[in-house]
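Please keep the structure open while reading.

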Amino acid sequence: MKNQYANRKFVLGGLLVLFGLIYIIKLFQLQILDTSYRLSADNNVLTFVPQHPARGLIYDRNGELVVYNEAAYDLMAVPSQVSDFDTLDLCETLNLNKETLITKLQDAKGYSRYIPSPVVTQISSVNYAKLQEKLYKYPGFYVQSRTLRKYSRNIGAHILGYVGEVDEKAISKNSYYKLGDYIGISGIEKSYETALRGQKGLNIYLVDVHSRRKGPYQNGRFDTVAIVGSNLTACFDVNLQEYGEKLMSNKIGSIVAIEPSTGEVLSLISSPSYKPSLLVGRVRSENYLKLMKDTLKPLFNRALMASYPPGSTFKTINGLIGLQEKVLFPSTSYSCNLGYYARGVHVGCHAHDSPLMLIDAVKNSCNSYFCNVFRSILDDPKFPDIHDSFLNWRNHLLSFGLGQKLGTDFPNELNGFLPEASYFDRYYGEKGWSSLTLISLSIGQGEIGLTPLQMANMTAVIANRGYYFSPHIVRNQNEDNLQKHFSSIDSSYYSTIIEGMDLAVNGIPGTGSTARIARIDSIIVCGKTGTAQNPHGDDHSVFIAFAPKDNPQIAISVLVENGGYGATYAAPIASLMIEKYLKEKIKRKWLEDYILKTDLIHEQQEE
Amino acid sequence: MSSRRNNIWVNIDWSIIGIYLVLVFLGWVNIYSVEYNEDTKGIFDISHRYGKQLIWIILALVLAFIFIIIDTNFYMYFAYPLYILMMVLLIAVLFLGKEIHGAKSWFAIGGFQFQPSEFAKFITGLALARFLSTTGLNLQNYRQIVKSFIILALPVILILLQPDTGSSLVYASLAIVLFREGLPGIYAIIGLAMAVLFILTLLFNKLYVALGLIFLAFLFYFLLEPKKRNVFIGFAIFAVSGGIFKIVNELFSWNLSNSLIILINLGVTGIIFTVLSYIHKLKHVLAIFLFVVGAITFTYSVDYVFHNILEEHQQKRINVVLGVESDPLGSGYNVNQSKIAIGSGGFWGKGFLRGTQTKFNFVPEQSTDFIFCTIGEEWGFVGGVVLISLFMLLLLRILYVAERQRTKFNRIYGYSVFSILFFHFVINIGMTIGLVPVIGIPLPFISYGGSSLWAFTILIFIFLKMDASRTESL
């Protein structure tokens, strides 16, 4: 049966083949040429969930737990999965009012219907236990646990530092960190971040279109396990630290105590301080802002960053240099008539016996004596020019760790201030300065600034009779801490200065001992007072000491801003600290009371 | 009797049955994959779609057997009664049907659901075959054309009322049958022109489309008219009168839109042209003019229908395909996710049960309308090409078998089968790869669903039976 339209079958067949080919070409483009769909598919279906390991714990030198973690529970909700539930029951379980819960849920819905949002944060573990039993009744809700830093004594903020969310800068610097991760921002938390944080793990999950987890991707083949952070033993003594912070309350200044035989920092106090718990969790940013605005700068770590003139405590060092350079001998004596006079320069001194030899000059803290010593060092005929003798003097100081970072494990240590000769050239011209121009350096004033840590370290060198270990706050983490750094002064010269420091504390009453207030009956404390003049107000009260005299166990520097004479506040505080550390019990209650009652901050503000 | 039955099993076209079985099997495998999860119990678990589909398949094979047994003459005689019965059912479903997804397309009897529009397909095919095979019928005859269009239009309208736009469009595809049976080629050209105009109107401003058409008209005129001078005179008349209208509009502040000016101008110049062409006996000028007027009218009505009659979601679906609108989270979501699923399959695919996009509900209607995504994702380019090739083979075979029929009735029914399957194939796969708008119709034999599987089975097995017994029909 022939049909005149039979040829139209070819039109239809052709049309069919045409469509088939177009579709195959389109499939080729979609599936082979264009790879972007593969990426979109992964984005659709995979979520990367980091597993945050618990941060390492921190113990003190006696094994007492100082910093630990506490779980905090957040109730999360995925709005799209939340169906009708007993709001009243949930509110009762969590001690909430209904309006808060409803607004929170509305907020969550406003943010995203599919992404979990926190509805109630930081639920106590007691409430969490109650909630856990009922959670099955609330579809779309789940509890996310986080860990927060907790402090057993709530002290040592400047040692421990704090933890906070990473910022953009840290993320761009280190790809380990992702938005929302936590990182140590100061103190031990920062220096030992890598050890404390451990290693994040990563779980890859498949999710469906509503972001519900459907199971591990490829049965967890690409997942990594989190490694818990290492625990650290810090060198400081919490009891001593706590006591020091108590003594320094209502005073501005710093205490640094070092174990001379190891370089371990026994205590590091910068006052005023703050409670470390203030910078944890949700209250952190608010409190941080408050602390930032505080005019007393509680966030500023004075022990590591502030430079103070060492005042008369510096005489010990000048004495040692004089002895080493053989321009000074224990028997050298200079007279003093209420001060040092030379070509129009006058450095005052207090009334004491005259003339004095070196030991008594240290004991009495005679200004004239050390002016003479300092001039004989700089005007030493061994050196052709004052630039050479100054360089030599400065090199001695460097060997005590002054004017430079000590290589500690504190993250924000500063250099202090110890200018080179060129500094004076700039000021006075190359020929324009002499030993007399720099005369105030002889008594630790003028162009010199030491951090309290450097002062303590310098004391440790004296205590060790000639060497130090880099001060450090965490044990067994750094080989360099076992390295002895020798000063450029022969150890034989120390005994004279130490004798002077002994007598300054333990001299017979009435013989001019400047620091008798620091005396402890059963321990031989060697110390040196300082009264640091400064342009900002009253003199700073400074004291350096170590004890016991033989086989010293603690070297300490105390600085109380605007505290007046070294013996007024710094010496008693140092003495109490030594007693606390070596004896644990304070016998001199009256002295303790006197310090505790002293309020230099509010007194000043009233003026 | 026994020899005749033997004849049927020998004469039946096993290649079509083979492809049918392969497609049904592939469909089930992919439905299983979509629904698969770790705690899948067994393939007969009727709480899951793969379990149900297995039952539909078994019953479909039973149906296929029954329809092969039934005598061919039955269809011939009962084509009209069945058609009328079906129309009654389609009316009834509008009142008694159960509303699912906003459409009353289903009868719910007990726990069982039944979609009459699926079964109306082969019945409309039979009715059309019955009508067109009437001896002496000539499709050059205007009245016969109208009658055959009415047969198609009835189910289209009734199903549009449900409303189920996708299914109703399937009946429009039966126009392919009319084309094969001698519908004048001008209808095909007009149909094609309308389709092109439809797309152009939605893509561009209707004013530009109208101007383009007028320009095209002058171009044709230029090519056909031996005296080129006339063309320029015509163009001058059009341009001058257009200019006058524009100036008058400005002077009297009539605030007529540019479109209106062109239309009025076209009317006025049209009258001049008609008069002139009548005087000078220029037949083709009149033809061109009528075509332009028709095309412009169509353009403006498409615009009106699109913006005023189509619902917003339908407008958006069309716009997404045309690339006018890109809305990957809104109406473009389905297509976008579908393309991601298919695109992520790559050359070899992710492997059976390894698809991620189609498993976690990223693609909607995964086991029904978007089943091709699973194939594309898990079996890759290879799987997609195999499936498209299977459909092409099936359809070409149906064309071949239809052409070898000795009766008009059989051949026309064969073409109905071809048209319906072809339309489903083009639309369903086209929408998953973003080439045609999302029209919710299933992929024959593959998509989940009892009604559609059975309807397609019956559709194709009636034709197989006709073919197997073609020798006796004489």
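## Chain contacts

The model is predicted. In it, 31 residues of chain A are in contact with 37 residues of chain B. On the chain A side, helix 1 (8-33), helix 2 (36-45) and strand 8 (201-207) each supply at least two residues. Helix 1 of chain A gives the most, with 16 residues. By class, this side of chain A has 19 nonpolar, five polar and seven charged residues.

## Nonpolar cores

The largest nonpolar core holds 123 residues. Within it, A:A257, A:A545, A:I556 and A:A574 touch the most other members. Domain 1 (44-77 + 147-230) and domain 2 (238-272 + 301-606) of chain A both contribute residues, so this core lies between them.

A:A257 has contacts beyond its neighbours within four places in sequence, including A:L240, A:A456, A:I556 and A:Y581. Another core lies apart from the largest one.

## Sheet and helix

Five strands of chain A form an open, antiparallel sheet in the order 12-11-21-20-19. Strand 12 (264-271) and strand 19 (526-534) of chain A each have a single partner strand, so one side of each has no neighbour in the sheet. Neighbouring strands are turned by 10 degrees against each other on average, direction ignored.

Strand 11 (residues 253-259) of chain A pairs with strand 12 of chain A over seven bridges. A:V256 stands opposite A:L268 in strand 12 of chain A.

Helix 20 (residues 570-583) of chain A lies across strands 11, 12, 19, 20 and 21 of chain A. This helix runs at about 145 degrees to strand 21 (554-560) of chain A.

Notes. Residues numbered from 1 in each chain as written. Chains lettered and ligands numbered in written order. Predicted model: local features only at pLDDT ≥ 70, side-chain atom pairs only at ≥ 80, totals over all residues. Contact = placed C-beta atoms within 7 Å. Helix = DSSP H or I, 4+ residues; strand = E, 2+ residues; numbered from the N terminus. Nonpolar A, V, L, I, M, F, W, Y, C, P; charged D, E, K, R; others polar. Core = buried A, V, L, I, M, F, W, Y, C linked by C-beta atoms within 7 Å. Buried ≥ 20, exposed ≤ 12 C-beta atoms within 10 Å, placed from the backbone. Domains from an automatic or database assignment. Pairing = 2+ DSSP bridges. Axes fitted to C-alpha atoms, helices over the stretch in contact; angles between N-to-C directions.
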